[in-house]
Amino acid sequence: ATPGVTPGATASPTPAPHGTPIAEPIEVPIFMYHHVAAVAPADEFEARLTVLTADFEEELAYLKCAGYTGITLAQLFDAMGGGAALPERPVILTFDDGYSDGYTDAFPLLKQYGFPGSFAIVTGFVGGGAGAYVTWDLVREMAGAGMEIVSHTVSHIDLGTSDDATVRDELASSKALLEQATGRTVQFFVYPSGEPFRSGSVERQQQVVAMLKEAGYAGALLAGPNSLTQDPAAPFELNRVRVSGGEDVETFAASIG
């Protein structure tokens with residue numbers, strides 16, 4: 001166990017037996033990461049987005065010690081639809097934007113501790129940024145090793161303010177590119193900067209969800225609001241818990257009870 005942290009004793013809801021769809025909201029922590037790197041950047045904003053590699057390992061060690069089991073979004077949706085039951089303490093680890101440190105720093109530790117990761121890839125950034133983003137070869141390698149690959153658009157556009165034609169193109173193109181690269185169906189989506197659910201109107205939110213369904217997605221993740229509750233009736237509004245740089249493991253543990 002991680003020194004100074006007692007695994008939480010909060011009881012999880014009893015998992016539904018196989019074959020029983022989950023109708024009521026359930027508590028499944030979905031963590032949101034960006035960078036995982038050995039050294040914190042000097043820029044204050046980037047530092048908040050960067051969890052130190054050593055801290056990330058401590059978080060994984062805590063989760064393992066506390067009896068959490070890593071699952072994918074696909075497993076969550078399968079359980080909600082009446083498929084295989086969830087483990088007693090499920091947790092989902094997501095990584096936004098497709099930074100190369102997701103491969104160099106997060107991926108090896110995920111494999112070491114036995115947790116799958118769900119990587120939200122901005123397809124237009126792949127191989128770019130002078131090495132800042134993963135390449136297609138690395139995306140394929142991670143997918144082949146059991147990591148879940150999900151869409152984060154082509155260019156990280158604001159879905160709340162972009163025109164419908166652009167939104168439709170980015171939703172469809174990113175999904176198709178990821179499926180072509182991995183040979184796997186891409187069912188899930190992460191809203192860039194949480195939009196339009198941060199500042200868009202309810203009408204715009206409904207429009208974007210309709211376009212996601214039209215493009216063949218089964219569900220989507222928000223950029224917050226630090227809630228553990230997932231509502232099967234709102235699969236395109238799954239909540240996440242942000243993990244910030246500089247956060248100690250006690251704070252991390254407290255964020256999930």
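## Close-up views of a predicted model

**View 1. The buried residues of helix α6 pack against β7 (117-121), α5 (136-144), β8 (148-151), β9 (188-190) and α7 (202-215).** The structure is a predicted model, in which local features need pLDDT of at least 70 and side-chain atom pairs count only at pLDDT 80 or more, while totals for chains, interfaces and linings use all residues. Residues are numbered from 1 along each chain as its sequence is written, and side-chain values use heavy atoms, with hydrogens and water left out. Helices (H or I, at least four residues) and strands (E, at least two) are DSSP runs, numbered from the N terminus. Contact means heavy atoms within 4.5 Å. Buried means under 20% relative accessible area, exposed over 50%, and partly exposed in between (1.4 Å probe, protein chains only).

**View 2. Helix α6 has a buried side and a face turned away from it.** Buried in α6 are Val 167, Glu 170, Leu 171, Ser 174, Lys 175, Leu 178, Ala 181 and Thr 182. These residues lie on the same side of α6 because they cover an arc of only 140° around the axis; the arc is that of the directions from the helix axis to the C-beta atoms. The face turned away from the buried side carries the exposed residues Ala 165 and Gln 180.

**View 3. Length and ends of α6 (residues 164-182).** The expected span of a helix is 1.5 Å times one less than its number of residues. The 19 residues of α6 should therefore span 27 Å, which agrees with the 27 Å between its end C-alpha atoms. At the start of α6, a side-chain oxygen of Asp 163 comes within 3.2 Å of the backbone nitrogen of Ala 165. Such a polar contact is a pair of N or O atoms within 3.5 Å; within protein, one must be able to donate a hydrogen and the other to accept it, and residues adjacent in sequence count only if both atoms are side-chain atoms. Just after α6, Gly 183 has a positive phi of about 70°.

**View 4. The largest nonpolar core has 54 residues.** A nonpolar core is a set of buried Ala, Val, Leu, Ile, Met, Phe, Trp, Tyr and Cys residues joined through side-chain atoms within 4.5 Å. Phe 31, Tyr 33, Phe 56, Leu 63, Leu 93 and Tyr 191 touch the most other members. Helix α4 (residues 101-113) gives the most to this core, with six residues. Another core, of 18 residues, lies apart from it and includes Ile 26, Val 28, Ile 30 and Val 190.

**View 5. Tyr 33, Phe 56, Phe 95 and Phe 119 form one aromatic cluster.** Rings of Phe, Tyr and Trp (its six-membered ring) pair if their centres lie within 6.5 Å; planes under 30 degrees apart count as stacked, over 60 as edge-to-face and the rest as tilted. This rule gives 13 aromatic pairs. Tyr 33 and Phe 56 have ring centres 5.1 Å apart and planes at 85°, so the pair is edge-to-face. Because Tyr 33 lies in strand β2 (residues 30-33) and Phe 56 in helix α2 (residues 53-65), the pair ties together parts that are 23 residues apart in sequence. Both Tyr 33 and Phe 56 are buried.

**View 6. Pro 196 and Ser 193 are in the loop between β9 and α7.** A cis peptide bond, with omega about 10°, joins Glu 195 and Pro 196. Ser 193 is not a glycine, yet its phi is positive, near 55°. Ser 193 has a relative accessible area of 39%, so it counts as partly exposed.
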